[in-house]
Amino acid sequence: MPFLGQDWRSPGQSWVKTEEGWKRTSADDTNNNVSVESFCKAEQEECFNKENLLLSFGYDMAAKKRKKDFMNNNSKVPYFHMEKWIYVHKGSTKERHGYCTLGEAFNRLDFCSAIKDTRRFNYIVRLLELIAKSKLPSLSGVAQKNYINILEKVVQKVLNDQQNVRPIKELLQTLYDSLCDLVQDMGKSVLVGNINIWVHRMERILQWLHQLDNIQINRPASTGMTLKDLPVNLQLNIMERLSDGRDLVSLGQVCPELGTLTEDRLLWKRLCQHHFTDRQIRKRLMVSDKGQLEWKKMYFKLSRCYPHREQYSDTLHFCSHCHILFWKDTNHPCTANNPESCTMPLYPQDFINLFNF
């Protein structure tokens, strides 16, 4: 191997690159075949190569910096994974180091396309609300940015579809209240990033709330049959499908005829029995002057004391055999080999608790 510097085996001599190849030369050897000009030329070539290397290195660093700044400034860049299922590991093994966190699951699972699915929309909204209440500081910086990106897509979907306005407003208000408390503790490293970034995000949340407050619901263009044109028994049958008492109240404000139907005691009784247990109902009994139970008043009183029963069309599932977290209609390796594998649905709170270890 040729030496670029002084040869330790023969002091005073060094190797020089010439047109004919590498040759050994000495400063005291005047009869050397290598001329001074070739030596200077080799030195110039070496300096030129070093200069090009530094310029190339500087260019790569500048390109990486520009890419990093672009990723930081443009929060819409899909730099996270979109997977149908992930493996949830809770400890280190010889084959796998580390463990799966809530932020990692939130990044890798395909929540963006799940928002477009009507069956999963309420599930995603509830999950975002739970994270906003207590789990936002536990997310990584990428997961926190991903959270804001998904929230923006949720708001845009509501503005376009003009549906589910109230739950999204409650979600945004909950997130804003949580950020007001967290921003005050920025010195304690509860949020990742500069405080100016989070102040800007809070301003965006206020803008979204303002847009939802001023949303104009367009009347349908069709002149066909409406809810008021249906028989009374069908109208009551449709109202029984509503799982939120506030929806019943809003429906009763459309016209006096629907307002009379929404006061039906049987509707409110079924709502109370659907969301609350018999023991909870007995603790909050309210009787009118006529000796009848005030089911409507009891419903709203119970709602302030106890959580509602959660009901979703589609949820995430967890396989206890292979520890795979997946959507219900997505096949994972365990179900492919064993269709009767032990899987269980995960409600939003169960999803959060899965990563509490």
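I take helices (H or I, at least four residues) and strands (E, at least two) as DSSP runs, numbered from the N terminus. The model is predicted, and local features need pLDDT of at least 70, side-chain atom pairs count only at pLDDT 80 or more, while totals for chains, interfaces and linings use all residues. Residues are numbered from 1 along each chain as its sequence is written, and side-chain values use heavy atoms, with hydrogens and water left out.

**Entry 1: the loop between α5 and α6**

I looked up Gln162, which sits in the loop between α5 and α6. Its phi is near 60 degrees, a positive value in a residue other than glycine. Asn164 is found in the loop between α5 and α6, and Asn164 has a positive phi of about 60 degrees although it is not a glycine. I note that most residues other than glycine have a negative phi. For exposure I use relative accessible area: buried is under 20%, exposed is over 50%, and partly exposed lies in between (1.4 Å probe, protein chains only). Gln162 is partly exposed at 21%, and Asn164 is partly exposed at 34%.

**Entry 2: helix α7**

I then turned to helix α7, residues 195-213, which has 19 residues. From its first C-alpha to its last it reaches 27 Å, close to the 27 Å expected at 1.5 Å a residue; the expected span is 1.5 Å times one less than the number of residues. Which residues of α7 are buried? They are Trp198, Arg201, Met202, Arg204, Ile205, Trp208, Leu209 and Leu212. Seen down the axis of α7, the buried residues fall within an arc of 155 degrees, so they line one face of the helix. The arc is taken from the directions from the helix axis to the C-beta atoms. An α-helix has 3.6 residues a turn, so residues three or four places apart point the same way. On the other side of α7, Asn196 and His210 are exposed. The cover over the buried residues of α7 includes α5 (141-161) and α6 (165-183).

**Entry 3: nonpolar cores**

I define a nonpolar core as a set of buried Ala, Val, Leu, Ile, Met, Phe, Trp, Tyr and Cys residues joined through side-chain atoms within 4.5 Å. The largest holds 59 residues, of which Phe111, Tyr147, Leu325 and Phe351 touch the most other members. With contact meaning heavy atoms within 4.5 Å, Tyr147 touches Phe106, Leu128, Ile131, Ala132, Leu136, Leu171 and Leu175, not counting residues up to four places away in sequence.

**Entry 4: salt bridges**

How many salt bridges does the structure hold? I find 16, each a side-chain nitrogen of Lys or Arg within 4 Å of a carboxyl oxygen of Asp or Glu.

Asp117 and Arg120 meet in one of them (3.8 Å, N to O); Arg120 is buried, with a relative accessible area of 8%.

Asp247 pairs with Arg166, their closest N and O atoms being 2.8 Å apart. This pair links distant parts of the chain, with Asp247 in helix α9 (residues 245-252) and Arg166 in helix α6, 81 residues apart. Asp247 is partly exposed at 29%, and Arg166 is partly exposed at 28%.

Arg270 and Glu240 meet at 2.2 Å, N to O. Arg270 lies in helix α11 (residues 265-275) and Glu240 in the loop between α8 (232-239) and α9, 30 residues apart. Arg270 is partly exposed at 40%, and Glu240 is partly exposed at 34%.

Finally, salt bridges that share partners join Arg166, Glu170, Asp244, Arg246 and Asp247 into one network.
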